[in-house]
Amino acid sequence: MPTHTLNGERLLKMRIFTVLALAVSAEVAAASLELSCPAEIETKQEIVTPPSGWRISKSSPTVLDQGTTTSKHHGEVTGFSSGPPEERAILAPDRTIKSKKERSFINVWPFSTSEENWFICSYRNSVIELSKPLPAGLKQCSIQYNNAQMVARAWCD
């Protein structure tokens, strides 16, 4: 077989491989962005002004050298905001999809591509929220809740 035919076949295979690789890359890029909150945070609680006549004690056994008590708080997905959450532009879901088979429901938030959207996590028995901006260009985010109203999964497309 002539050498130029082998080179032509090799070139054709390389082109096919390149097209397939680009198609797979585009599919991966279009895949969902999974979201999760840091599972747990640790906070400190101190009294600012002790009331006159009252003795201060701590209910938690974890005491640091400075005498401040730490407590652990478990994270949960709260939702989304348009702009930084401290501006309190918390978004309500646009629709709810119920699944009888999985005993769950999904809330869906559509986004305008012109706004900066943020992902928010809250922590049980705490006033602390953690948030971060979402990548630009996302069309919507969803949160799936199980039958006990607990977040099972959060993602964006």
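A residue is called buried when its relative accessible area is under 20%, exposed when it is over 50%, and partly exposed in between (1.4 Å probe, protein chains only). By this criterion, 25% of the 157 residues of the chain are buried. The structure is a predicted model, in which local features need pLDDT of at least 70 and side-chain atom pairs count only at pLDDT 80 or more, while totals for chains, interfaces and linings use all residues. Residues are numbered from 1 along each chain as its sequence is written, and side-chain values use heavy atoms, with hydrogens and water left out.

**Overall architecture**

- The chain contains one helix and nine strands, where helices (H or I, at least four residues) and strands (E, at least two) are DSSP runs numbered from the N terminus.
- Read from the N terminus, the order of elements is α-β-β-β-β-β-β-β-β-β.
- Contact denotes heavy atoms within 4.5 Å; among contacts between residues at least 6 apart in sequence, 61% join residues at least 24 apart.
- The accessible surface of the chain amounts to about 11700 Å², and 56% of this area belongs to carbon and sulfur atoms. Accessible areas come from the Shrake-Rupley method with a 1.4 Å probe, and for residues only the protein chains shown count as cover.

**Disulfides**

- Two disulfides are present in the structure, a disulfide being a pair of cysteine sulfur atoms within 2.5 Å.
- Cys37 and Cys121 form a disulfide with their sulfur atoms 2.0 Å apart. Cys37 lies in the loop between S1 and strand S2 (40–45) and Cys121 in strand S6, so this pair ties together parts that are 84 residues apart in sequence.
- The torsion about the S-S bond of Cys37 and Cys121 is about -90°, and the disulfide is therefore left-handed. Both of these cysteines, Cys37 and Cys121, are buried.
- Cys141 is joined to Cys156 by a disulfide with an S to S distance of 1.8 Å. The pair links distant parts of the chain, with Cys141 in strand S8 and Cys156 in strand S9 (residues 151–156), 15 residues apart.
- The link of Cys141 and Cys156 is right-handed, with 100° about the S-S bond, and both Cys141 and Cys156 are buried.
- With bonded cysteines counted along the chain, the disulfides follow the pattern 1-2, 3-4.

**Polar side-chain contacts**

- A polar contact is a pair of N or O atoms within 3.5 Å; within protein, one must be able to donate a hydrogen and the other to accept it, and residues adjacent in sequence count only if both atoms are side-chain atoms.
- Ser32 is placed in the loop between helix H1 (3–29) and strand S1 (33–35). Ser32 counts as partly exposed because its relative accessible area is 34%.
- The side chains of Ser32 and Asp157 are joined by a polar contact of 2.7 Å. Beyond its neighbours within four places in sequence, Ser32 is in contact with Trp155, Cys156 and Asp157.
- Ser32 and Ala154 are 122 residues apart in sequence, yet their C-alpha atoms are 9.8 Å apart in space.
- Gln144 belongs to strand S8 (residues 140–145) and counts as buried because its relative accessibility is 14%.
- A polar contact of 3.1 Å connects the side chains of Gln144 and Ser104. Residues up to four places away in sequence aside, Gln144 touches several residues, including Glu102, Phe105, Met150 and Trp155.
- Asn107 lies in strand S5 (residues 104–110) and is buried, because its relative accessibility is 10%.
- The side chain of Asn107 makes a polar contact of 2.7 Å with the side chain of Thr96. Among the residues that Asn107 touches, not counting those up to four places away in sequence, are Pro93, Cys141 and Tyr145.

**Positive phi angles in loops**

- Arg88 has a phi near 60°, a positive value in a residue other than glycine. Arg88 is located in the loop between strand S3 (69–82) and strand S4 (95–99) and counts as exposed because its relative accessibility is 52%.
- Asn125, although not a glycine, has a positive phi of about 55°. Asn125 is found in the loop between S6 and S7, and its relative accessible area of 77% is why it counts as exposed.
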